[in-house]
Amino acid sequence: MKFKNPYKDKKWFKYLGNKYVWVLLFFIVWMLFLDNYSYFDHRFLDEQINELQDNKKYYQEEIKKDQEQIKLLKNPEQIEKYAREKYFMKKDSEDIYIIQFEGDTIQEKE
């Protein structure tokens, strides 16, 4: 008595029984998950590249701002203005009053 495969006439069995389909499936799985240059690794690396490019743009803009600030600070009057505004420096004969309004973000040290 000969055993007959009940799935032999099914369309999906013809595709899954084909060795080329198996090779293609293996190749796809290999390229998506297992390879050193897999699709998911590329996505992760592309995200890192985009993030680094954004950081590069940000730091280039900051460098331009700092270069403009350096150009301004070559003038002695601008140096004095900067010191007064940022570091609250004063001349010996001056008094400085810092006015703090309600709701300011500066917290008093206790």
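A search of the whole structure finds 4 aromatic pairs, where rings of Phe, Tyr and Trp (its six-membered ring) pair if their centres lie within 6.5 Å, and where planes under 30 degrees apart count as stacked, over 60 as edge-to-face and the rest as tilted. One of them joins Phe-26 and Trp-30 in a tilted arrangement, with 6.1 Å from centre to centre and 35 degrees between the planes. This is a predicted model, in which local features need pLDDT of at least 70 and side-chain atom pairs count only at pLDDT 80 or more, while totals for chains, interfaces and linings use all residues. Residues are numbered from 1 along each chain as its sequence is written, and side-chain values use heavy atoms, with hydrogens and water left out.

Where do Phe-26 and Trp-30 lie? Both belong to helix 2 (residues 19-34), 4 residues apart, which is about one turn of the helix; helices here are DSSP runs of H or I with at least four residues, strands are runs of E with at least two, and both are numbered from the N terminus. An α-helix has 3.6 residues a turn, so residues three or four places apart point the same way. Phe-26 counts as exposed because its relative accessibility is 55%, whereas Trp-30, at 36%, counts as partly exposed; buried means under 20% relative accessible area, exposed over 50%, and partly exposed in between (1.4 Å probe, protein chains only).

Tyr-58 and Tyr-59 form another aromatic pair, this time edge-to-face, with 5.1 Å between the centres and 70 degrees between the planes. Tyr-58 is partly exposed at 44% relative accessibility, and Tyr-59 is exposed at 52%.

Helix 4 (residues 76-87) has 12 residues and reaches 16 Å from its first C-alpha to its last, close to the 16 Å expected at 1.5 Å a residue, the expected span being 1.5 Å times one less than the number of residues. After helix 4 comes Phe-88, whose phi is positive, near 55 degrees.
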